[in-house]
Amino acid sequence: MATYKIKKPARTFGDQAYLPAIAKGLAQTFGRLYTNLLGPEDQKKTATVRYPDETREYPERFRGVHRLTHRADGSPRCVACLCCSTACPAQCIYIEPAEYEEGDAQHGYERYPKVFVIDELRCIFCGYCVEACPCDAIRMDTGVHVPASHQREHFIFDKETLLSIPGRDGTYVTANPRHEPGDASHPGIDRAKGH
Amino acid sequence: MPVFKLDGVEIPFEPGETIIRAAWKKGTEIPHYCWHPGLSIAANCRMCLVEIKSARPMALPILAWDEKKKDYVETTKNKLQPACQIEAAEGMEVVSKGAAVEKAQGAVQEFLLLNHPVDCPICDQAGECKLQDYWLAHQKKLKRKDTEPVHKPKAVRFGPTIVYDAERCIMCTRCIRFCDEVVGDHVLDMRERGNRNEITVSPGRELDHDYTLMTEHVCPVGALTSKDFRFKARVWFLRSTPSVCTGCATGCNTWVDYDPRYQRVYRLRPRDNEAVNKFWMCDDGMMSYKRFHEDRILTGRARQDGRVVEVPRQAAIEGAVKLLKTASKLAIVLSAQASNEDNFVAARLGSALQEKGALGAKKLYLAALGGWKADKILRNADNNPNRVGAVMVAGGAGLASLEDLVKAVDRREVDAILSLGWAASEGVEQLASLANVPHVNLSSNIGPLTQVATLVVPVASVAESSGAFTNAQGVVQTFKKAVSAPMGITSAWETLLSIASASGVDLSMKQLSDVRGALATHSAPTSVGDTAAPAE
């Protein structure tokens, strides 16, 4: 069995005396204190931020409060398929689907959420709803928390609230294009237009 | 019984039966869209193609790529045949698995999905769609077609109950065949050809016969949707409980589909029973679930100084005990809408109270709905599910009608009434006399009888309780509790038992099994057999 001898570091008289080392350490501490408090801005190395006046930028994939994305005409992209509420492990999403009125270009093609409620207190911010959504209608890319409140009702976000929250880029749409029935870009043709 | 072999498993069949039907009877499913056990054979979906081994198989000359020769070579392959059309024969060897069949099934799947919109998230069939099931089972590949699918009419109104989506339709013609063969009304047909194919309603007509919701039920995909169920729920949230339709005396077997989270029933589906309803149900029967949630009585109701006030259920039960205790000439009204158990306990309680009272005469009456349009398919002229059962409970003798009861009350032969259920063919005006004597009514819904009662005790509906109905043929059919009744409400027989124990009457019954045991000894069963299916 091989053995190694570890050599202890030799101590100088200065180390042995302690006081010079303490002085050295305190000089470092107070030097940093002086720089951070009164020194030039670019040399400051504080690890804290002045919350809540200042907030830290969250990473790009941070899952913040939900939002419902819009279509070009401002209506929700959500088609009330209930995939998100099916996937939700906390069961915090409640949706009531409804059909577009007769005469609407979307009538027959799609449905929309008459009621869309997320209980943000129940939500565990896992992001499964965003994964499940086939329409890119629900997103958590807002970059903000749910605002704090003393009242439970303030955490029940209804459809209008969810539609009013913008994404991190300040817009209400998503980068994924969508061709709605009735739009010129929609490739569908019906019997009236011929094949 | 002769047998044939399906994938090495012996399957018995009756002469003349097709392969798919014999396999279905045994519980083995051969993938299919257009075949339905209750309809004729169309053999148009080609999903049930199987290989039939024989000494001289039907061979097709084909060109196959030979890897060694780096060229196509002439060879043969066994022609596949539709299992829904080929009659089984003794000693036949059928292969429904294996490379050749799976390739054909995958190809059929791909073909059916060529122009399909794949809008599963907004399709009500999603979760119980054969296209989804078979895609997972037999295809599991992406579509190779990269051009825009053919677009066809969507959300076409077929009638007051059904909406049609031609893009989702696979043209299996089940709905057409159902209307033709079962209803005998050729109201649906097919127009155009190939990928422009679509189902249409006959000119000048609407899909408006009495069995329109069954066309939605037989549709294997999401092409036909029921206006009532459309967008209401996702099927994967629903649970099913075996039950019996309350619509009429036929007693069609049903599945009650309910959402356990909200304890709410969303639809009724027919449950296969060859002896009673085969595979079908009528529209009115399928819509009878509405009664489970509409016009419900959820608290006790007491008439005080000509006004009806709501009282707690427990207070209503105590009030009922008081009213019934003082009665000396009590009349019991059984209900043709109530289960055998409810009627039995009501009759027993009545006779027990009579024995204690001064008068021993048994006064049993029957409340029932007045009947509806009958047909030769399923609908019975008597729209009460349990008239036979109520009569059987009363000892087989005919029961007096409510009209007789009104007369008896007017002649002061009755000084108190205990009635079951809400249903009566008579209107409130005709029954007005019943309000002149203390009248305890046990009901789940608002109806003529509840309007003329002094005291109404809320009880559970059919979906909220277990029991049995005896249909017009005399078949006793049990139904099971699907959802919980709100606010501690119990079924009528349980409520009656608590009234009995509070009145100091011992009926020596505590549980459903006790009631059923007593019921069985009380009357010789007229049943042909209990046809309740086991839970799914």
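Predicted model: local features only at pLDDT ≥ 70, side-chain atom pairs only at ≥ 80, totals over all residues.
Helix α4 of chain B covers residues 174-183, and 7 of its 10 residues are buried, so the helix is largely enclosed by the rest of the structure. If you want to find them on the screen, the buried residues are R174(B), C175(B), I176(B), R177(B), F178(B), C179(B) and V183(B).

The largest nonpolar core has 83 residues, and the members that touch the most other members are C48(B), V50(B) and C175(B). The greatest contribution to this core comes from helix α4 of chain B, which gives 5 residues.

Strands of a sheet pair through backbone hydrogen bonds, and they can do so in a parallel or an antiparallel way. Here we have an open sheet of 3 strands in chain B, in the order β8-β9-β12, and the pairing is antiparallel. Its edge strands are β8 (156-157) and β12 of chain B, each of which pairs on one side only. Between strand β9 of chain B, residues 162-164, and β12(B) there are 3 bridges, and within this part of the sheet Y164(B) stands opposite L224(B).

Let us step back to chain B as a whole. The chain has 536 residues, of which 46% are buried, and its secondary structure consists of 13 helices and 25 strands. Its C-alpha trace spans about 105 × 50 × 40 Å along the principal axes. Among the contacts in chain B between residues at least 6 apart in sequence, 67% join residues that are at least 24 apart.

The domain assignment divides chain B into domain 1 (3-139), domain 2 (156-292) and domain 3 (300-522). The C-alpha centres of domain 1 and domain 2 of chain B are 26 Å apart, and the contact takes 23 residues from each of these two domains. On the side of domain 1 of chain B that touches domain 2, we find 12 nonpolar, 8 polar and 3 charged residues.

Finally, chain A. This chain is divided into domain 1 (15-47) and domain 2 (67-163), and the C-alpha centres of these domains are separated by 53 Å. Where the two chains meet, chain A gives 20 residues and chain B gives 12 residues. On the side of chain A, the elements that give two or more residues are α3 (83-87) and β2 (93-99), with β2(A) giving the largest share, 3 residues. That side is made up of 10 nonpolar, 5 polar and 5 charged residues.

Note on methods. Residues numbered from 1 in each chain as written. Chains lettered and ligands numbered in written order. Contact = placed C-beta atoms within 7 Å. Helix = DSSP H or I, 4+ residues; strand = E, 2+ residues; numbered from the N terminus. Nonpolar A, V, L, I, M, F, W, Y, C, P; charged D, E, K, R; others polar. Domains from an automatic or database assignment. Core = buried A, V, L, I, M, F, W, Y, C linked by C-beta atoms within 7 Å. Buried ≥ 20, exposed ≤ 12 C-beta atoms within 10 Å, placed from the backbone. Pairing = 2+ DSSP bridges.
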